[in-house]
Amino acid sequence: MTDKKAPEKEEVVKTNFIHQQIDADLAEGKNGNRVHTRFPPEPNGYLHIGHAKSICLNFGTAEKYNGLYNLRFDDTNPSKEETEYVESIKEDVRWLGFDWGDREFFASDYFDKLYDFAVELIQNGLAYVDDQTPEEISAQRGTPTRPGTESPFRTRSVEENLDLFARMKAGEFQDGEKVLRAKVDMASPNMHMRDPIMYRIMHVHHHRTGDKWCIYPMYDYAHGQSDFWEGITHSICTLEFEVHRPLYDWFVDHLKDAEYRPRQIEFARLNLSYTVMSKRKLLELVKDNHVNGWDDPRMPTISGLRRRGYTPTSIRNFADRIGVTKTNGMIDVGLLEHSVREDLNKSAQRVMGVLNPLKVVITNFPEGEVDMVDAINNHEDESAGTRKVPFTRELYIERDDFMEEPPRKFFRLAPGREVRLRYAYFVTCQEVVKDENGEIVELRCTYDPDSRGGKSPDGRKVKATLHWVSATEAVEAEVRLYDRLFNDMDPQGHKEVDFKEFMNADSLQILPKCYVEPFVKDAKALDHFQFERLGYFNVDKDTTAEKLVFNRTVALRDSWAKANKK
RNA sequence: UGACCCAUGGUGUAAUUGGCAACACGUCUGAUUUUGGUUCAGAAGAGUCCAGGUUCGAGCCCUGGUGGGUCAACCA
């Protein structure tokens with residue numbers, strides 16, 4: 001040993017352009033050196049992996065700078081929003097491992113303040129009531145390349161505007177009859193600045209404010225102000241809001257007297273290959289029964305991934321790895337899968353299970369005897385200990401692990417060949433039993449009693465170790481295998497073709513009769529296992545006292561299958 | 001015939017005030033292995049969209065292109 005100390009392995013803290021901008025803000029002493037972020041979901045659907053990226057970014061950033069983060073529901077459109085969604089969102093964020101403490105807010109908390117501020121803007125000649133129809137307003141808005149024209153109601157007096165707005169609130173008008181608009185600039189090259197609508201009339205019951213209001217603020221009018229009132233310093237959102245930023249700033253500019261101001265920064269939303277990532281499309285899959293609910297294990301929703309067997313750690317590591325930029329890209333699902341394998345490899349209880357059973361009779365093993373052999377629970381974690389697995393005369397092995405005429409590189413069982421049954425014995429295939437159709441129905445093997453534990457008694461080697469299960473002691477289970485929901489890398493990237501055209505008809509495969517070692521008998525929903533040599537599986541919530549149901553989270557890497565494909 | 005944004009190996013991200021392009025996933029070798037997993041060792045793969053300019057020196061700065069994205073809900 002040298003006396004030079006090895007350099008501490010520096011934890012490479014990944015940075016990103018947002019952190020760099022925050023560093024710059026801090027260097028300038030902005031906002032009293034506070035960093036305060038928020039995650040602002042609209043409670044109109046379930047959270048997906050894209051939201052997880054945003055949550056990790058927003059909340060992770062606050063944690064990095066010892067700041068605070070809020071959870072705020074953007075509930076300004078009661079026609080789409082429901083309490084069910086509020087609950088699922090909270091559950092998902094909590095599951096990911098974030099605790100927002102008492103900082104749980106709703107845009108609807110600010111309806112009164114928002115109203116007052118609107119009145120103020122009217123008084124300052126910065127907002128007006130427009131009587132026109134949606135069609136008329138839309139026609140006047142112009143196009144991206146042609147400026148808009150001003151509404152005939154734009155020059156209404158302050159008094160008239162105040163009166164009309166009060167009556168809008170009082171419910172004197174029908175839906176769509178009037179709107180409140182900000183008076184900005186109809187000739188702006190930015191469409192969002194062309195007198196955006198601040199309030200619309202909606203006689204709709206709100207999940208929190210009930211029937212108190214019949215006018216509701218629009219996103220652009222509510223968001224920045226909510227940020228301001230909560231003391232948010234960095235309002236991180238996705239790229240499509242970039243063109244809204246001047247409007248965000250416009251409203252905040254008129255929210256006077258403070259040496260503090262929130263700043264909107266945009267990043268690229270997550271795109272994952274072979275799936276879709278918009279609430280609208282996911283809702284469509286659910287509503288039209290292309291999947292079995294929001295938490296279908298094939299869905300990229302947080303609840304779907306959870307049910308599928310993904311862990312919070314794996315998702316957060318994934319979010320870390322993909323980084324944060326303004327580049328629109330496409331992340332390979334393989335990276336997500338790598339993240340779960342990595343996490344589960346360290347923690348998952350190992351167990352043996354046979355998906356496609358092939359019966360094996362050990363002809364020289366006494367009938368009725370049960371030999372409890374020792375098995376290691378997790379080679380990656382010695383503290384996980386060992387367990388006993390019953391070995392009997394009749395067993396099941398995986399059909400794929402036997403070939404009557406094995407090709408060159410097939411190491412597994414074949415006529416006359418000896419292999420190891422993991423943790424148990426060396427066995428040799430003596431006879432292949434077929435039915436009248438020529439189907440292999442049973443293998444008759446002999447075992448070497450001296451190889452108990454799977455150790456070769458005389459130093460002889462076998463090229464394969466197979467997983468197995470006792471035909472008489474094993475537990476039956478249903479196993480659900482999942483494949484990508486879509487066959488196309490980018491199902492929503494085809495302008496002419498509906499994304500559903502690319503759905504993978506074989507995304508769900510149900511194996512009703514699999515066998516698992518008795519150890520799993522009392523497993524509870526969401527418990528994770530590695531079925532040795534197969535993959536990671538978890539207990540599905542459909543499991544009952546009578547029937548165990550497993551989901552395959554992800555298969556193990558399989559270089560044999562890969563080599564075989566070529 | 002607008003505004004705003006983006007452009008680095010196959011994919012995703014790095015590159016301190018301009019200084020010989022780094023990491024992860026994937027791919028391919030080989031070793032170890034009672035999981036064809038894990039782990040370990042190694043390799044291939046971009047000269048940074050294009051064209052100019054500034055500079056001793058440009059992925060980083062400037063100009064002009066090209067390609068892609070976003071914006072015309074009383075959605076968020």
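Here are a few notes on this predicted model of a protein chain with an RNA strand.

1. Housekeeping: local features need pLDDT of at least 70 and side-chain atom pairs count only at pLDDT 80 or more, while totals for chains, interfaces and linings use all residues. Residues are numbered from 1 along each chain as written, chains are lettered from A, and side-chain values use heavy atoms, leaving out hydrogens and water.

2. Chain A splits into domain 1 (110-217) and domain 2 (351-473), with bounds from an automatic or database domain assignment. Their centres, taken over C-alpha atoms, sit 74 Å apart.

3. Now look at RNA strand B: 69 residues surround it, and the closest are R412, G453, Q530, R533 and K562 (near means a heavy atom within 4 Å).

4. Zoom in on some polar contacts (pairs of N or O atoms within 3.5 Å). A polar side-chain atom of N77 is 3.1 Å from a sugar or linking oxygen of RNA strand B, and for K80 that distance is 3.4 Å.

5. How do helix 2 (residues 49-64) and helix 11 cross? Their axes (lines fitted to C-alpha atoms over the stretch in contact, with angles from 0 to 180 degrees between N-to-C directions) come within 9 Å and cross at roughly 80°. The two helices are therefore roughly perpendicular (65 to 115 degrees). Helices here are DSSP runs (H or I, at least four residues), numbered from the N terminus.

Methods:
Polar contact = N/O pair within 3.5 Å; in protein donor to acceptor, adjacent residues only side chain to side chain. Parallel < 35°, antiparallel > 145°, perpendicular 65-115°, else oblique.
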